[in-house]
Amino acid sequence: MVVGTRGFTLIELLVVLAILALLAGLVGPAVMNALGESKGKAARVQIEDLGAALDLYRLDVGRYPNSEEGLVALVTKPASAKRWNGPYLKKRTIPDDPWGNPYHYTSPGEHGGYDLLSLGADSSPGGEGDNRDILSWE
């Protein structure tokens, strides 16, 4: 046996790896939950911004874009909009929701002049928790 040699034993390394795996198992789900919540908050902010642009469009044109014109009317002048003063979005593009899907827009809406929504993480109507729809009228 050589005196003065330092190092870690296999048991010490396995204990450290077990502790790291335990910490990752505890912290990982919390981080993923926070990520899901932040996407929902981002969708709410985008819907509010799109709603503000739709309100400006209505002030200029006298109505909201109909369902056929859709959100594209915020960046491209529809033929039927005589007093269009856009584009109404700075980036001149319609953003997708945080999950990469287009927002659903109908006008006239069931809940007001228009309905604007994201179907959430599961991309299907309804849902709960992180899969819940983000709605403009809530």
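**Exercises on pockets and a surface patch**

In this predicted model, the second largest pocket is lined by Arg44, Ile47, Glu48, Gly51, Tyr114, Arg132, Asp133, Ile134, Leu135, Ser136 and Glu138.

**Exercise 1.** Determine which elements supply at least two residues each to the lining of the second largest pocket, and how the lining divides by class.

*Solution.* Step one concerns the elements: α1 (10–61) and β3 (134–135) each contribute at least two residues to this lining. Step three concerns class: four of the lining residues are nonpolar, two are polar and five are charged. The pocket that they line has a volume of about 160 Å³.

**Exercise 2.** Describe the largest pocket by its volume, its lining and the classes of its residues.

*Solution.* First, the space in the largest pocket amounts to about 200 Å³. Next, its lining consists of Gln46, Asp49, Leu50, Leu89, Lys90, Lys91, Thr93 and Pro95. Finally, sorting by class gives three nonpolar, two polar and three charged residues.

**Exercise 3.** Identify the residues of the nonpolar surface patch, and decide whether Ile19 is buried, partly exposed or exposed.

*Solution.* The patch is formed by Leu10, Ile11, Leu14, Val15, Val16, Leu17, Ile19, Leu20 and Leu23. Together these residues have about 880 Å² of accessible area. Ile19, one of the patch residues, lies in helix α1. Its relative accessibility is 48%. Buried requires under 20% and exposed requires over 50%, with partly exposed in between. Therefore Ile19, at 48%, counts as partly exposed.

Technical notes
Residues numbered from 1 in each chain as written. Predicted model: local features only at pLDDT ≥ 70, side-chain atom pairs only at ≥ 80, totals over all residues. Heavy atoms only, no water. 1 Å grid on protein atoms, 1.4 Å probe; cavity = no way out; pocket = protein on both sides within 12 Å on 5 of 7 lines; lining within 4 Å. Points joined across faces, edges and corners; volume = space filled by probe spheres on them. Nonpolar A, V, L, I, M, F, W, Y, C, P; charged D, E, K, R; others polar. Helix = DSSP H or I, 4+ residues; strand = E, 2+ residues; numbered from the N terminus. Patch = residues over 30% accessible without salt bridge, like charges linked within 9 Å, V, L, I, M, F, W, Y side chains within 5 Å. Areas by Shrake-Rupley, 256 points an atom, 1.4 Å probe, with all protein chains shown as cover. Salt bridge = Lys/Arg side-chain N within 4 Å of Asp/Glu carboxyl O. Buried < 20%, exposed > 50% of the residue type's maximum accessible area, 1.4 Å probe, protein only.
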